[in-house]
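I record what I looked up and the criteria I applied.

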Amino acid sequence: MNNDTWGRVKDRLLESVGPNNFANWIEPLELKRVDNGVAEFSVRTNFMANWVARNFSDTILTHLKGADVPASRVEFRVEPHSGSSAPVATAPKSAQPVDATPEVPGAAPAGEDLPGAPLDPRFTFDNFVVGKPNELAHAAARRVAEGGPVTFNPLFLYGGVGLGKTHLMHAIAHEIRQRRPELRVLYLSAEQFMYRFVQALRDRQMIDFKQIFRSVDVLMVDDVQFIAGKDSTQEEFFHTFNALVDQGKQIIISADRAPGEIKDMEDRIRSRLQCGLVVDLHPTDYELRLGVLQTKAETYRAQYPDLRFAEGVLEFLAHRISTNVRVLEGALMRLFAFASLVGREITLDLTQECLSDILKQSDRKVTVEEIQRKVAEHYAIRLSDMIGPKRVRSIARPRQVAMYLAKQLTSRSLPEIGRRFGGRDHTTVMHGVRRIEELKGTDSQIADDIELLRRALEA
Ligand SMILES: Nc1ncnc2c1ncn2[C@@H]1O[C@H](COP(=O)(O)OP(=O)(O)OP(=O)(O)O)[C@@H](O)[C@H]1O
């Protein structure tokens, strides 16, 4: 393959992986040769070889083949500076190397010496889809990353699994590194913090440990709930935290729940964690899920330019998979890979066939009875009134709310719902559902009640 061909392949890759990824991971690759079906590239570091092999080898191969290059495999050989050959990365690795800071060519950010975890180059603000459930968390993260006059210290982000906490933290780190490369940014998980701490104790290097952690400008600790109950790690974390806050350094923390709900966390740490801004990422709603799917689908379409994609598939997935964004992403990735393998158009049928297990798991399990119970509790009425004949507004309105939620959250038909509400006719249910739909637009109290109940039921 000559340089022109590789140049053309690079143009395609730029379109398909985006400018950031391209600059960080593809541009620095040097094509050495194509021999016996193997395209061999040289890269500067082991970390980079692993990262590119894991994340981009399929895409590179697809585009090489698209340019008629006779390659069936890609290899990345580490050639630091001397040109001496070192290990080759081919197969994707299952785990991220935790000890290396990503070496983004051309940029040598301050804090390279810090014992942080690598940042995922895909987790940027540009790639983060904003919707109602995460708009506050996103705005706070941006504000902290921009470092304007109003800063929140610490910024505490929390939310359920796969809702974007890590993505936002990495995005903050990328942004700070870009805006203020002189700042020493340290991102790591609470588990890694503990590991470093224990290692320092064992090796009698506590002074070094303290010095390193107190020398950073921005400390980001992911999944802080992990250190709850680990007494001496908590203690050390508390001192690190205080030392940094006293110096006016920024701290960003994430957890799977609010500070007040982390069991076995010392009270003084809990109150420290709460003294900045605490924001949560709510469970996704339909619009956010659709937004994420549309964004990801664009990338896949560029990667699989020949695949045809039927209308309505993304909407179907956004409706049916309400667990979290990670599951949603995995489903879409599997769908594209499967469709390209079997060479079929992505239709609703193919989607159901390929994702039957995920769809089954995501089926909503909420029952009409649970909804009635929760709604009765919420409005402090008796459960028997849900199915009884009373028509006073204080009973009828909660009943309509319950009917509305039953329609939204279960797959029951209107007659089935009617039967569970004391044998009411389906037209009564339909009227109730419509009434609540109208009220949601005009009565913010009803809208809030419904949102709260929906979250409680889906949790
Ligand atoms: N709003 C979003 N826009 C785009 N991608 C998102 C969004 N939210 C989550 N994701 C993607 O979903 C995946 C899971 O997100 P992430 O790892 O940040 O979740 P998390 O909240 O840290 O979960 P966990 O608690 O399991 O670590 C990532 O690939 C991330 O890029």
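**Entry 1: basis.** I worked from a predicted model, in which local features need pLDDT of at least 70, side-chain atom pairs count only at pLDDT 80 or more, and totals for chains, interfaces and linings use all residues. I number residues from 1 along each chain as its sequence is written. Helices (H or I, at least four residues) and strands (E, at least two) are DSSP runs, numbered from the N terminus.

**Entry 2: the sheet.** I looked up the strand order and found an open sheet of five strands, β6-β7-β8-β5-β9, with parallel pairing. I take two strands as paired if DSSP finds at least two bridges between them. The edge strands are β6 (185-189) and β9 (277-281), each pairing on one side only. From one strand to the next the twist averages 15°. Angles run from 0 to 180 degrees between N-to-C directions, and axes are lines fitted to C-alpha atoms, for helices over the stretch in contact.

I then went through the pairs. Strand β7 (residues 218-222) runs parallel to β8 and is joined to it by four bridges; M220 stands opposite I252 of β8. Strand β5 (residues 155-159) also pairs with β8 in the parallel sense, over four bridges, and Y158 has A255 in β8 as its bridge partner. Between β5 and β9 I found parallel pairing over five bridges, with V278 in β9 as the bridge partner of F156. Helix α4 (residues 135-146) packs on the sheet and touches β5, β8 and β9, its direction making about 135° with that of β9.

**Entry 3: strand β8.** Is β8 enclosed or open? Six of the six residues of β8 (residues 250-255) are buried, so the strand is largely enclosed by the rest of the structure. I call a residue buried if 20 or more other C-beta atoms lie within 10 Å of its own, exposed if 12 or fewer, and partly exposed in between, with C-beta atoms placed from the backbone. In a regular strand the side chains alternate between the two faces of the sheet. Here Q250, I252 and S254 point one way, and I251, I253 and A255 the other way.

**Entry 4: T284.** I located T284 in the loop between β9 and α10 (286-303). T284 is buried, with 27 other C-beta atoms within 10 Å. Leaving aside neighbours within four places in sequence, T284 is in contact (C-beta atoms, placed from the backbone, within 7 Å) with P133, L163, R289, S322, N324 and V325.

**Entry 5: the hairpin.** Strands β1 (residues 30-35) and β2 (residues 38-43) run antiparallel and are joined by five bridges. E30 has S42 in β2 as its bridge partner. Two residues lie between the strands of this hairpin, and N36 takes a positive phi near 50°.

**Entry 6: α15 and α20.** Helix α15 (residues 368-378) packs against helix α20 (residues 444-458) at about 135°, with the axes 11 Å apart. That angle makes α15 oblique to α20; angles under 35 degrees count as roughly parallel, over 145 as roughly antiparallel, 65 to 115 as roughly perpendicular and the rest as oblique. I noted E370, I371, K374, V375 and H378 of α15 and D449, L453, A456 and L457 of α20 as the residues that make the contact.

Note on methods:
Two residues are in contact if their C-beta atoms, placed from the backbone, lie within 7 Å.
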